[in-house]
2 protein chains.
Amino acid sequence: MSLFRDNIEKMKGYVPGEQPQEGDYVKLNTNENPFPPSPKVLAAVKAAAGSSLRLYPDPMATRVREKVAEVLGTRPERVLVGNGSDELLGVIVRAFAGSGEKVVFPYPTYLLYKTLVDVQEAEVVEVDFDEGFSLPEDIIVKGARITFLCNPNSPSGTMVWPDEAARLARQIDGVLAIDEAYVDFADANCLSLVEDNPNVIILRTLSKSYSLAGLRLGFCIAQEGLIEGLIKVKDSYNVDRLSMAAAVAALDDQKHLRENVDRIKGIRGYLSESLREMGFFVYPSQANFVFARCKDAATAGEIYEQLKRQRILVRHINYRGLEDCVRISVGTREEIDTMLGALSEVLCETGKSAGK
Amino acid sequence: MSLFRDNIEKMKGYVPGEQPQEGDYVKLNTNENPFPPSPKVLAAVKAAAGSSLRLYPDPMATRVREKVAEVLGTRPERVLVGNGSDELLGVIVRAFAGSGEKVVFPYPTYLLYKTLVDVQEAEVVEVDFDEGFSLPEDIIVKGARITFLCNPNSPSGTMVWPDEAARLARQIDGVLAIDEAYVDFADANCLSLVEDNPNVIILRTLSKSYSLAGLRLGFCIAQEGLIEGLIKVKDSYNVDRLSMAAAVAALDDQKHLRENVDRIKGIRGYLSESLREMGFFVYPSQANFVFARCKDAATAGEIYEQLKRQRILVRHINYRGLEDCVRISVGTREEIDTMLGALSEVLCETGKSAGK
């Protein structure tokens, strides 16, 4: 008999995107930001790299909470900081969903939700998105303890607008966890829902818009009652001193954030248009990546393989019904031009067009 | 009805030791190392604080695994790295103990085990240590999925020797997780048990002997089959780039470690002897703290309070049956002399002696 629980024995782990640690890749596969973080972040890390590392960090990351509250116009007591928003997603599952209880999310979305629910031995309820990635009626599942909404969604890059999310929050029984990892690239966000909805949790991260995926710093915002319960479930010392120092500096430099986001949105427009001109159907993106549909699954697979051979990484996730799609992160203008050049060669060589 | 699971609603969270973020304390309450980390660690952090922070870290922390394997004489595939060993303790609970299943540990020990088992809604089985903190026979519980052994133990500082731990590993049904957070200060360790026991997991941390509590870096060592299962349960990107760089540098500087540990052991001897001379009963310590028994609970409480008023923090944990004990971390020789001076005043002023 295995020492592991049956559900762990049976499950497949979450498979992160390729993260080559060596070599020079044009890396457009895991939605990292192509621009460096604020210089103030690097200075803050260097200043924090002293003998105080021998001491435990502040368990509540108070300075980060305060800075988040200041930047987002909320109260520190409504903020909880985590080792990446991934950690907080796990904390949320453990806090609200017991063994066998329902956790709902649309399909396709961020694959980690399913992994976390499987680990918890709770019940995964996946509800297919409607055409164009709008929310289906049956996303409202009676007795569900948690409903996850990645918004903007990955891999589609599409957005459920705040009024619709607010309606969902009022209609469901349990918690609505809105994962806003990509929201700084979008035209709206759901933060204001926290005020009127005691069941809403908003998740944010410094990984994308703040160019700090390597740091692992996320946070969530919810009413005080929810935050207090989540504190019981998180690891006490979940965020280290260097990450805290970096996070405070990053959040403090809103000018850097705005300029970074503006550049990404500009290149996103260029990338989307270029792909459309090549015959792809491109979903309107509110994130730092685009989701593009080509003729068929074989073409999508070939695009991935051929680009990889030229050390350009994009994502071909093979979601059911979306096997003909590739997800491409917004890189620098130079990286995108390199990718587009290689892509047009792939399509030309194989005598294929991108379009249907 | 609460949105939280019943077990979360009912439980009290883990309460970490006081971590004052401001002010100048003689901090002898959470077993931090009084000496700074290796200068090579600080240099490595500064070197890593660059634009590569925009990229996700290596999900498997390969360079840390390799360095651990090299230093401890094992294989990288037998090592798993976590955001502090606390994270790995949580991963172990989720991997092996389902709802209602038994998790065993002696009492008193590291309080976090109980919190993690409560979050999991598994069954806590606490078995009192024998006199002198040796293992009782009834630590062997039929059907237990996990047995935790903090070794050296906190708060007692005492040690279960490897041959006894090996016997326990063979006699129990489930996993034996040996938490060796303090083991670099001890005269033995249980690492060799991994070779012959497919159910043993050894946990280590850089928080104590490497002076890096502020960093959050722990790891565990077990046979490949266990490590592969645990990988499914951990967060993908659980360790950040700065911590990895620091960890590799710390592990690489074994000379710094040895010198640091030797100094701590020297001061530990001095602290133990001084307390005995003042009338305390002091358990023989294999860790970087000492556990000292005085006349009664009131005296122990007063020691804690009076020292705190002088900005000296020690721990009065109030364990059942050990309310008359205080736990004092080994500080610098100067810190210990300051504490001893204040302590003798407390005992003198109150007209009390420490002894029974």
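So, in which sense do strand S2 (residues 79–82) of chain B and S8(B) pair, and over how many bridges? They run antiparallel, with 4 bridges. For pairing, DSSP has to find at least two bridges between the strands; strands here are DSSP E runs of at least two residues and helices are H or I runs of at least four, numbered from the N terminus.

Quick housekeeping. This is a predicted model, where local features need pLDDT of at least 70 and side-chain atom pairs count only at pLDDT 80 or more, while totals for chains, interfaces and linings use all residues. Residues are numbered from 1 along each chain as its sequence is written, chains are lettered from A and ligands numbered from 1 in the order written, and side-chain values use heavy atoms, leaving out hydrogens and water.

Back to chain B. Strand S7 (residues 200–205) also joins S8(B), again antiparallel and by 4 bridges. Look at B:Phe219: in S8(B), B:Phe219 is the bridge partner of B:Val81 and also of B:Arg204. In a regular strand the side chains alternate between the two faces of the sheet. Here B:Gly218 and B:Cys220 point one way, B:Phe219 and B:Ile221 the other, and all are buried; that's under 20% relative accessible area, with exposed over 50% and partly exposed in between (1.4 Å probe, protein chains only).

One loop residue, then: B:Pro76 sits between helix H3 (62–72) and S2 of chain B. B:Pro76 counts as partly exposed because its relative accessibility is 24%. Leaving aside residues up to four places away in sequence, B:Pro76 touches B:Arg65, B:Glu66 and B:Ala69, contact being heavy atoms within 4.5 Å.

Now over to chain A. We've got domain 1 (6–35 + 255–350) and domain 2 (39–252), with bounds from an automatic or database domain assignment. Their C-alpha centres are 24 Å apart, and 29 residues of domain 1 contact 33 of domain 2. The buried area is about 2700 Å², 60% of it from carbon and sulfur atoms; that's the accessible area (1.4 Å probe) the two parts lose on being put together, summed over both. On the domain 1 side, A:Tyr14, A:Gln286 and A:Tyr319 supply 27% of the area buried against domain 2, more than any other three residues.

How many salt bridges are there between the two domains of chain A? The count is 1, using a Lys or Arg side-chain nitrogen within 4 Å of an Asp or Glu carboxyl oxygen. And A:Arg320 forms a salt bridge with A:Asp128, with the closest N and O atoms 3.1 Å apart.
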